[in-house]
Amino acid sequence: MKLPRLRGGTSLWIGGGLVALAMVVAIAAPLIAHTDPVLDANLMNAEIPPGFDFWFGTDAQGRDIYSRIVYGSRISLTVGVVSQVLNSLIGVTLGLSAGYWGGWWDDFVTGLTNLMLAIPSLIFALAIMAILGPGLSSLVVALGLTAWSYSCRVARAQVLSLKGQGYIQAARILGYGDLRIMFTQILPNILGPLIVIATLGMGGAILSEAALSFLGLGIRPPFPSWGSMLSEARDQITTAPWLSVFPGAAIFLTVLGLNLLGDGLRDILDPQSTTRRT
Amino acid sequence: MILVLGRRLANVIPTLVAVIALVFLLFSVLPGSFISGMNEDGRTTIDPQVMERMRKEMGLDDPLPERFAKYLAHTVTGDLGKSFRTREPVTFLIGQRVWPSLKLVFAAMSFAIVIGVSLGFVAALKPGSLLDTAAMVGAISGLSLSQFWLGLMLMYLFALKLQWLPSFGYGDGGLTHLILPAVALGVGPMALLARTTRAAVLDVLNADFVRTARSKGMSERRVVTWHVLRNALVLVVTIVGLQFGSLMGAAVVVEKLFAWPGVGSLLVDSVFQRDMPAVQGCILMIVIFFLAINTLVDIAYVVIDPRIRYGR
């Protein structure tokens with residue numbers, strides 16, 4: 001079975017490069033931003049098109065779009081990474097234990113997974129945001145609790161296929177406890193697919209953050225999230241289209257980077273492609 | 001066939017009840033009810049006595065299990081309650097929105113299937129070619145776009161600059177208003193379908209029965225249309241089903257951007273107004289749509305692939 005998307009290596013390097021760039025920007029934001037993203041409003045500079053002084057132009061309050069995008073990367077990446085760590089923890093714990101122990105617990109987890117799959121994760125996240133109110137921490141919780149069904153399924157399926165293997169039985173005979181077997185014997189063997197899922201999921205979480213902020217339920221202005229910037233920019237699309245172009249391009253490049261990286265990692269870590277996205 | 005349907009329904013109904021329970025519970029812990037929201041906006045102050053009466057009338061003071069039992073009983077009989085905001089039945093509110101939503105989802109999916117499947121198919125027939133590479137670069141880019149940004153850019157280009165198409169709204173329900181939102185919504189599934197189709201076709205092209213068909217002298221054209229396409233279709237139908245089902249939920253953002261009067265924009269508006277019955281109704285509608293489409297897909301399998309007869 002040969003399933004190269006783009007040639008494996010190329011997508012890995014381009015994707016890795018884009019993701020590394022986004023991370024460097026996020027970490028070094030105070031060094032490379034020109035102005036403060038929230039405070040440096042100057043109405044004298046309102047709605048200046050992109051140019052030498054303001055690389056990406058300015059918004060209606062005269063804030064530098066470039067600086068806001070630089071700081072916005074912090075929000076997007078935080079949401080992406082933290083929510084995926086949460087999702088992976090939930091998914092792996094449930095999937096591992098369900099596959100390993102079976103029985104009523106397995107039935108329960110399978111039912112829960114099917115339930116999660118039936119509610120579109122954006123809708124679920126939207127409902128949670130409505131309850132918790134806007135803000136970064138609620139975003140992380142909303143996106144971290146709603147997209148674990150996929151890693152749970154993959155973890156469970158892998159455990160089922162590994163459970164009968166000789167080395168698992170050997171570990172049991174040696175007197176290893178259930179948890180120890182799960183986390184030291186099984187988990188390392190299924191880490192590859194899970195890393196791929198988390199990488200691709202990060203892109204999804206960044207898109208969801210943008211969507212929720214765009215709807216007014218995520219990060220609220222004046223804080224510079226790429227989604228909230230787009231939400232503000234919508235009304236000025238006729239007079240200042242650059243307000244929409246650059247935050248959207250930042251989202252696109254970051255998510256593209258994560259998707260390419262995920263694809264490239266899959267070719268290395270998961271040659272049998274158990275994580276082919278459906 | 002009836003057996004397949006029966007087994008599916010036996011799976012679907014518990015899921016549905018669980019969704020109803022989940023949504024109900026989520027919104028029962030919601031801090032701030034609709035009425036306190038009315039007080040907080042600062043423009044209106046409501047007499048505490050009136051508020052008390054409204055709470056009673058809407059049943060907000062009853063204990064939780066009682067409210068849930070009532071809600072479940074009503075929901076099963078098709079009564080989703082009255083909107084807190086407009087006082088109209090939620091079924092009526094949603095009923096008005098279903099047709100535009102369906103239209104948008106079907107249009108987006110048709111776009112995705114036509115473009116996505118043919119792109120993936122053509123790419124797979126010449127793997128490694130320029131066309132293949134271009135199609136796959138396009139596909140992964142399509143997966144990385146945020147729908148509303150794409151929608152915004154399409155709106156800017158085709159509605160504001162070129163003025164070929166109306167920028168937003170439902171209009172008289174004609175095709176011109178439908179094109180931009182449908183494309184914005186359809187690009188994601190389109191990209192996914194292109195990738196899946198390509199992978200599925202490549203898989204089948206390497207299968208033994210294709211080699212056999214070729215070696216017995218079947219023309220390439222017949223091999224492709226008769227053997228390859230039919231077998232690749234099974235996987236493609238899965239993806240179409242999953243995408244199709246989740247599209248009504250995904251449409252929320254596009255509907256909001258294009259001021260499309262669908263279930264998604266009703267959901268968002270209701271969330272902001274804390275109109276719980278309407279929010280619950282919309283989510284339920286979206287989930288029912290998802291489950292219905294998936295049941296249809298399961299039936300489609302049996303038709304496409306005679307090997308699947310669901311006998312355990």
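Leaving aside neighbours within four places in sequence, A:Leu126 is in contact with A:Leu212, A:Leu217 and B:Val271. Contact here means C-beta atoms, placed from the backbone, within 7 Å.

This is a predicted model: local features need pLDDT of at least 70, side-chain atom pairs count only at pLDDT 80 or more, and totals for chains, interfaces and linings use all residues. Residues are numbered from 1 along each chain as its sequence is written, with chains lettered from A and ligands numbered from 1 in the order in which they are written.

## The nonpolar core

A:Leu126 is among the residues with the most contacts inside the largest nonpolar core, along with B:Leu193, B:Cys282, B:Ile283 and B:Ile286. That core has 161 residues. Helix α9 (residues 178-215) of chain A gives the largest share, 18 residues.

A nonpolar core is a set of buried Ala, Val, Leu, Ile, Met, Phe, Trp, Tyr and Cys residues joined through C-beta atoms within 7 Å. Buried means 20 or more other C-beta atoms within 10 Å of the residue's own; exposed means 12 or fewer, and partly exposed lies in between.

## Chain B

Chain B has twelve helices and zero strands. Helices (H or I, at least four residues) and strands (E, at least two) are DSSP runs, numbered from the N terminus. Of the 312 residues in chain B, 39% are buried. Among its contacts with a separation of 6 or more, 73% join residues 24 or more positions apart.

## Where the chains meet

Chain B puts 42 residues into the contact, and chain A 37. On the chain B side, the elements giving two or more residues include α1 (2-28), α8 (175-205) and α12 (276-304). The largest share, nine residues, comes from α10(B).

By class, the chain B side has 31 nonpolar, eight polar and three charged residues. Ala, Val, Leu, Ile, Met, Phe, Trp, Tyr, Cys and Pro count as nonpolar, Asp, Glu, Lys and Arg as charged, and the others, Gly among them, as polar.

## A helix pair in chain A

Helices α3 (residues 65-101) and α7 (residues 149-162) of chain A pack at an angle of about 30°, with axes 7 Å apart. Therefore α3(A) is roughly parallel to α7(A) (angles under 35 degrees). The crossing is right-handed.

The residues in contact include A:Gly91, A:Gly95 and A:Gly99 of α3(A), and A:Cys152, A:Ala155 and A:Val159 of α7(A). The contact has eleven nonpolar, six polar and two charged residues.

Notes
Two residues are in contact if their C-beta atoms, placed from the backbone, lie within 7 Å. Axes are lines fitted to C-alpha atoms, for helices over the stretch in contact, and angles run from 0 to 180 degrees between N-to-C directions. Angles under 35 degrees count as roughly parallel, over 145 as roughly antiparallel, 65 to 115 as roughly perpendicular and the rest as oblique. A crossing is left-handed if the near helix is turned anticlockwise from the far one by less than a right angle, and right-handed if clockwise.
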